Every structure is written in C-alpha cells, then in structure tokens.
Amino acid sequence: MPEGHSIHRLASQLSSVFGGQQVAASSPQGRFAAGAAGLDGRVLVRAAAHGKQLFVEFADGLDESPTPTLFLRVHLGLYGAWSFGGDKSFMGASSIGAPRKVGEREVAGTPDTTYAGPPAPVGAVRLRLVSDYGWADLRGPTACEVITEPERDAVVARLGPDPLGSAALDAPDDVARFASGLRKSASPVGLLLMNQAVIAGVGNIYRAEALFRQKLDPWRPGKSVSVEEATVLWEDIAAIMGDGVRAGRIITTSPADRSSSSSRVKREDAHYVYGRAGLPCRRCGTPVAVAEMAARKLFWCPGCQAP
C-alpha cells in the first residue's frame, strides 16, 4: 500500500497539472459515473493529503451561479494508482500508486510534444480527469467518493496527525497529539505506528525503518515511551517521509551504511531492516528478524533494538 509520502506527491502533482483549470471528469469504467458527473466542468482548485487520504478540491467555475465546494476523497488501498500524461508542459511522474513495478519509486514521465488529448482508456479506469494540457486516470482505489467540506473535515478529524502536514486542520500541537496517543496505550509501539488514528501516513516500511533508526524495540508498550523519545521519533519520521516526497522512493539509510558510495542508491541499500529478514544488520551484524504484527510483516534488529 502506498505510504503517506506518495499521497503527498500525488496531491502536489494533481495541483500542478490541473490547479486553477476547468476539468472534464468521466468514469470510463462506469462505477463512478454519478460522482464524475458532479465534478465535470468544475475548476480543480487544489489537491491536498492527510496521511493516506487524498482530497481534491473542486469549485464551480460559473460566478453567476456558485455552488458549494466539493471534494474528491480517494484512498488508494492496496491496488489503487493514478497515471498521468500531457503536453510538453507536463514533467511529472507517469504513475503514482500501487502496484508498482519498481518498488516505491515513481516513474518519471516524458512530455508529449504532439499531445492531442488523452489516450483511449486502458483497463478499469474508475475516474478520468482531463484539461487542455493533461490528463489523469484513477484505477483500483479502495475509496473514491465526492464529499462536502464538513465531511472532509470529519474524515481528517478521525485521523491522527500527519508528519507531513494536514489537508484540513491547523494543528500546531501535532507532536503532543502523537506523543499522547502513543503513551496512553499499552499496545506495542510497532502496532501503534500502523494505527492511522495515532499517526497518519506511516505504513509498513516507515514503521520498521523509523523504529530501527531510533533503536526502539517494536514490542515495547507505547505507554513506556517517554515524551522525549516520542518527540524524536516523530521528528525522524517527518524527516524520512519528507525525503520520500522529494525522492519519490523510500530511502532511510545513511551513506555510511550502504554498500556503494554512488549517488544513485541501489534498491538493496535503501533500507536498514525492511525486507532484509535473515541478513546481517548493517550496524551490528545481528540477523534481521521478522514476525507478524498488525497482519503485516515486521522487520527489526534484535541487537540494535533490544528490549
């Protein structure tokens, strides 16, 4: 499942491709026909993310008959993905979401100097957005609906703070909220980091990597984590997720811990513990362990993250 950094990248790209433009919306698959009809002809104001939730804001482009602002809410889930294309002004990723053929890295698009509109839909396209300069197709999302602003705010209010910022809430106390959510539970910290009501946007990779980087035992009860430890953990998650937004892939290792000094980080060098079960820890040599937690594989180093 795409983690929060990918959704923030999606928001930025949708805003870049369509922001301020009137768009045509359709549902080639037919499953979202009513929702697409409600968005068709509106101006896409901007897109924003909170955790793994994407919110795309649409306003009526007709000043003489304004209608309420609407939001497209999308949760990609395990299989959802957006694909993009456009004229020579389009320089973004050609695909963001899951499944990916190259892990967490999105594929850079090539501008079409002969752009004459979007290609014929391929596969089950739930939603297609088209402007004069570009297009975007959505396939396979877990959730796709048109909602009002209060409904958008209610969705965000049910989520924990987002280390990359909020789509709707001005919450300067994000760190305190995270620390409180962590420390009031006896559940393992490795489980709590996957709880979107505690922290929004963290998935399986960031969970494993952040806990390793902070030398935290994933089985340690949340209530035993100090405020200082929770604050440093939050700041580290925010930093590595921010790196993911910029790079388009999850890289959590320091240059000194990689097998190559090349500026291009190899896939096998990108992570400390995630996906490395049985391999020696990059720092202490202890074989990386793996177990089930929250119905997902949890990776950790029993040496560096000893209880």
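Colleague: Which residue forms a salt bridge with Asp-137, and what makes it one?

Modeller: The partner is Arg-139, with the closest N and O atoms 3.9 Å apart. A salt bridge is a side-chain nitrogen of Lys or Arg within 4 Å of a carboxyl oxygen of Asp or Glu, so the pair Asp-137 and Arg-139 qualifies at 3.9 Å. Please keep in mind that this is a predicted model, where local features need pLDDT of at least 70, side-chain atom pairs count only at pLDDT 80 or more, and totals for chains, interfaces and linings use all residues. Residues are numbered from 1 along each chain as its sequence is written, and side-chain values use heavy atoms, with hydrogens and water left out.

Colleague: Why is Asp-137 called buried?

Modeller: Its relative accessible area is 2%. Buried means under 20% relative accessible area, exposed over 50%, and partly exposed in between, with a 1.4 Å probe and protein chains only. Asp-137 is therefore buried at 2%, whereas Arg-139, at 25%, is partly exposed. Arg-128, Asp-137 and Arg-139 are also linked in a network of salt bridges.

Colleague: How many salt bridges does the structure hold?

Modeller: There are 12 salt bridges. One of them joins the side chains of Arg-213 and Asp-236, at 2.8 Å from N to O. That pair links distant parts of the chain, with Arg-213 in helix 6 (residues 204–213) and Asp-236 in helix 7 (residues 227–247), 23 residues apart. Helices (H or I, at least four residues) and strands (E, at least two) are DSSP runs, numbered from the N terminus.

Colleague: How do you know whether Arg-213 and Asp-236 are buried or partly exposed?

Modeller: Arg-213 has 24% relative accessibility, so it counts as partly exposed. Asp-236 has a relative accessible area of 9%, so it is buried.

Colleague: What makes the side chains of Asp-269 and Arg-282 a salt bridge?

Modeller: Their N to O distance is 3.6 Å. Both residues lie in the loop between helix 7 and strand 12 (289–293), so the pair ties together parts that are 13 residues apart in sequence. Asp-269 counts as buried, at 3% relative accessibility.

Colleague: What is noted about the phi of Lys-215?

Modeller: Lys-215 has a positive phi of about 55° although it is not a glycine. Lys-215 sits in the loop between helix 6 and helix 7. With a relative accessible area of 55%, Lys-215 is exposed.

Colleague: Which residues of helix 3 are buried, and why are they on the same side?

Modeller: In helix 3 (residues 149–157), the buried ones are Arg-152, Val-155 and Val-156. They cover an arc of only 95° around the axis, which puts them on the same side of helix 3. The arc is that of the directions from the helix axis to the C-beta atoms. On the other side of helix 3, Pro-150 and Ala-157 are exposed. The cover over the buried residues of helix 3 includes strand 3 (43–50), strand 4 (53–59), strand 5 (70–75) and strand 11 (143–148).

Colleague: Where is Gln-21, and is it buried or exposed?

Modeller: Gln-21 is in strand 1 (residues 21–22). Gln-21 has a relative accessible area of 17%, so it is buried. Leaving aside neighbours within four places in sequence, Gln-21 is in contact (heavy atoms within 4.5 Å) with residues including Arg-42, Leu-44 and Tyr-133. A polar atom of the Gln-21 side chain lies 2.8 Å from the backbone oxygen of Val-17.

Colleague: Where is Lys-184 found, and why is it called exposed?

Modeller: Lys-184 is in the loop between helix 4 (174–183) and helix 5 (189–192). Its relative accessibility is 70%, so Lys-184 counts as exposed. The C-alpha atoms of Lys-184 and Gly-222 are separated by 7.1 Å, with the two residues 38 apart along the chain.

Notes
Polar contact = N/O pair within 3.5 Å; in protein donor to acceptor, adjacent residues only side chain to side chain.
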